[in-house]
Amino acid sequence: MIQKNKRAWIWIPVLYFTQGLPFVLVVTVSVIMYKKLGISNADIGLYTSWLYLPWVIKPLWSPYVDIISTKRNWFLFTQLLVALALLGVGLFLPTNIFFVTTLACFWMAAFASATNDVASDGYYMIGLTQDRQSFFVGIRSTFYKLANVTGQGLLVILAGFLENYYGDNTKAWSVTMIAAALLMFSLTLTNFFVTPKFESSEAIEKQKPAGFFEVFRTFFSKKGMGIALAFVLFFRFGESQLVKMAAPFFLDSRSEGGLGYTTSEVGYIYGTIGVIMLTVGGILGGILISRDGLKKWMLPMVLSINIPNAFYAFLAITNTTNKFAVISTVVLEQFGYGFGIAGFMVYLIYIAEGASKTSHYALATGFMALGMMLPGLISGYVQEWLGYDGFFIWVVIGALPAIFILKYLKYPADYGKKGANPEA
């Protein structure tokens, strides 16, 4: 019988940090990089939002992660591919066709990263009992977001330092992306040594799906799936637009409605106290769900991920560059994200319950990615049309659909609570 929860405090932080790093590099750090290399907001919003597509369509190949080989083999292989793709970005940046070639490398990284997500999440669900899944969702979300902060914070700080050192943005970002590739190589090697081989058990072999199309039929035939997917699509409707335009907002000049911050300042803001608040929010969310169940905390968590958007609107409307106001806004955003996403991820685990849970979870997160990609595609155009002040007001309004749908969701009140419906 498989030994669940084995060494979870070791492999969960490393595995989910590795999962988060390529995502933030592909969809967020690429925004800052292209902004500093002279690409327009409209093009940034359009082309980098298309990079979400692999996370949207990953359910099309997710059954093969269940059927072929082990999830551990899948995530080790795809993490190595991500490292190679990031190395490609760094090497192609100094060329005259950098925009096309680096986008191609980011596409490769995106497909590999999306597949890594499927394998890592499946590994998480087979390696933990249900109550431990709920407890560790805060830990995994925290380390996933810490990877985001590493990319959006530390690596951006490095890029800013190198911009000043070299006096050449292209060279600075080339070195930064090569450094990111080396970090990804080291994380892949670490995962090789710290992740237990759960899937050697015959019990795991029996959980493989009967067939490719059966995976989709059983998922969409679940009771209440229509309203569940509507909630998943709209949960991050406002945030999906904010994350695309937050960095340009910080970097654009005052005359353009931005705050006029430097690359290094943006990195420092995201990489300092925001890290602490993110960690507190994520861990607290997981602990509270494990203690009380999902129902009690779902509404506060939905609000916590959306309310900080109003502070971005305040910054844009007042055009303030006050460091305390800006840092406070980022701190609230980081805490709110860490706290709020914990409930969302536990809900995704709930709708993935049953046979083929790895593939079903991939389907659920695919719809989550679709909810990020579609609004992100138009975010640059909306910002250029409304200006930063009108754009952030629109982002605040974007929270309303999820709040409305929330009251129609059906799930056990004690889902995720320690001792409730324990696995055998």
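**Helix 16 and its packing partners**

In helix 16, Asn309, Ala310, Tyr312, Ala313, Ala316 and Ile317 meet Tyr388, Asp389, Phe392, Ile393, Val395 and Val396 of helix 18, contact being taken as heavy atoms within 4.5 Å. By class, this contact of helix 16 with helix 18 has ten nonpolar, one polar and one charged residues. Here Ala, Val, Leu, Ile, Met, Phe, Trp, Tyr, Cys and Pro count as nonpolar, Asp, Glu, Lys and Arg as charged, and the others, Gly among them, as polar. The model is a predicted one, in which local features need pLDDT of at least 70 and side-chain atom pairs count only at pLDDT 80 or more, while totals for chains, interfaces and linings use all residues. Residues are numbered from 1 along each chain as its sequence is written, and side-chain values use heavy atoms, with hydrogens and water left out.

The axes of helix 16 and helix 18 (residues 357–397) come within 8 Å and cross at roughly 165°. Helix 16 is therefore roughly antiparallel to helix 18. Axes are lines fitted to C-alpha atoms, for helices over the stretch in contact, and angles run from 0 to 180 degrees between N-to-C directions. Angles under 35 degrees count as roughly parallel, over 145 as roughly antiparallel, 65 to 115 as roughly perpendicular and the rest as oblique. The crossing of helix 16 with helix 18 is left-handed, a term used if the near helix is turned anticlockwise from the far one by less than a right angle, with right-handed used if clockwise.

Helix 16 (residues 309–318) also packs against helix 17 (residues 323–351), with axes that come within 9 Å and cross at roughly 160°. This pair, too, is therefore roughly antiparallel, and the crossing of helix 16 and helix 17 is left-handed. On the helix 16 side, Phe311, Tyr312 and Leu315 take part, meeting Ala325, Val326, Thr329, Val330, Leu332 and Glu333 of helix 17. Seven nonpolar, one polar and one charged residues make up the contact of helix 16 with helix 17. In the loop between helix 16 and helix 17 lies Asn319, which has a positive phi of about 55° although it is not a glycine. Asn319 has 23% relative accessibility and therefore counts as partly exposed; the cut-offs are under 20% relative accessible area for buried and over 50% for exposed, with partly exposed in between (1.4 Å probe, protein chains only).

A further partner of helix 16 is helix 12, and the axes of these two helices come within 11 Å and cross at roughly 35°. The crossing of helix 12 and helix 16 is left-handed. Gly238, Glu239, Leu242, Ala246, Phe249 and Phe250 in helix 12 are in contact with Asn309, Tyr312, Leu315 and Ala316 in helix 16. By class, the contact of helix 12 with helix 16 has seven nonpolar, two polar and one charged residues.

Helix 12 (residues 237–251) also contains Gln241, which counts as buried because its relative accessibility is 1%. Not counting residues up to four places away in sequence, Gln241 touches Pro375, Ser379, Phe391, Trp394 and Val395. Gln241 and Glu214 are 27 residues apart in sequence, and their C-alpha atoms are 34 Å apart in space.

Another glutamine, Gln79, is found in helix 5 (residues 71–92). With a relative accessibility of 0%, Gln79 counts as buried. Leaving aside neighbours within four places in sequence, Gln79 is in contact with Leu15, Thr18, Asn116, Ser120, Met184, Thr188 and Asn191. The loop between helix 4 (62–67) and helix 5 holds Ser69, whose phi is near 60°, a positive value in a residue other than glycine. Ser69 counts as partly exposed, at 38% relative accessibility.

Along the principal axes, the C-alpha atoms fill a box of roughly 60 × 45 × 35 Å. Of the 424 residues, 62% count as buried. Among contacts between residues at least 6 apart in sequence, 85% join residues at least 24 apart.

Methods
Helix = DSSP H or I, 4+ residues; strand = E, 2+ residues; numbered from the N terminus.
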